[in-house]
Amino acid sequence: VTKDRRVDVLRAVRSAVAQHPPIEVLVLDDGSTDGTARAVREAFPQVHVVRFEDSAGYIVRRNQAASHTSASILVSIDDDAELSSDDIVAATVAQFDEPRVGAVAIPYVDLPDETVLQHAPSDDGVHLVHRFRGTAYAVRRDVFVELEGFRTMLKHQAEEADFCLRLHAAGYVVRLGRSAPIRHYGSPTRDVERTWFYEC
């Protein structure tokens, strides 16, 4: 999901179309005014772009994304992030190897910080966590739809924690990922005060 971050989203999409094996890539343009949708279509004609004239917010659009694909696993990254390796999606999908795994928290790093977050501490066993971060997660599509996605009343930030509470209540778990990390650059257009307000 993206809005008015043409340069950022082109980097994100470039990393997605480079995945092996190839994956379906979906971009939802939430009312951009900077030519984002056109730029993505021109650079990556194989990508499915859905453009909305009006902005409804990223939570609404992430929910709608589930109806624009038939994929069994939804992998989501922010528009100001990129997949650092061409096998991240394959490695993540492979971790849905037990039916109780409803979501995988994909490793990521907030740049310029170098600390990798959401990463399993070892390659042995299954490591669980109470929630995932929205910039780096994968979820079973049928479970996401069953739980009615993210609550749109939350507007910003808190939707992942709320979704994971409902995920756990339904008998599923969130597994820590083992793939290479997603790089999250943190767009300079982010509203930091809004983030802190809704996060706290």
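Predicted model: local features only at pLDDT ≥ 70, side-chain atom pairs only at ≥ 80, totals over all residues.

User: Which way do strand S5 and strand S10 pair, and over how many bridges?

Analyst: Strand S5, residues 101-105, and strand S10, residues 173-176, pair in the parallel sense, with 4 bridges between them. Helix H6, residues 159-169, packs on the sheet and touches S5, S8, S9 and S10, and its direction makes about 115 degrees with that of S10.

User: What's the strand order in the open sheet?

Analyst: The order is S3-S9-S5-S10-S8, which makes 5 strands with mixed pairing. S3 and strand S8 (128-129) stand at the edges with a single partner strand each, so one side of each has no neighbour in the sheet.

User: Is S3 largely enclosed or left open by the rest of the structure?

Analyst: S3 (residues 73-77) is largely enclosed, because 4 of its 5 residues are buried. Its antiparallel pairing with strand S9, residues 136-140, runs over 5 bridges, and one of the residues involved is Ser76, whose bridge partner in S9 is Tyr137.

User: Switching topic: how do H1 and H2 cross?

Analyst: The axes of helix H1 (residues 6-17) and helix H2 (residues 36-43) come within 10 Å and cross at roughly 30 degrees; the two helices are therefore roughly parallel to each other.

User: Which residues make that contact?

Analyst: H1 contributes Arg6, Val9, Leu10 and Val13, while H2 contributes Thr36, Ala39, Val40 and Ala43. Of these contact residues, 6 are nonpolar, 1 is polar and 1 is charged.

Terms used:
Residues numbered from 1 in each chain as written. Heavy atoms only, no water. Buried < 20%, exposed > 50% of the residue type's maximum accessible area, 1.4 Å probe, protein only. Pairing = 2+ DSSP bridges. Axes fitted to C-alpha atoms, helices over the stretch in contact; angles between N-to-C directions. Parallel < 35°, antiparallel > 145°, perpendicular 65-115°, else oblique. Contact = heavy atoms within 4.5 Å. Nonpolar A, V, L, I, M, F, W, Y, C, P; charged D, E, K, R; others polar.
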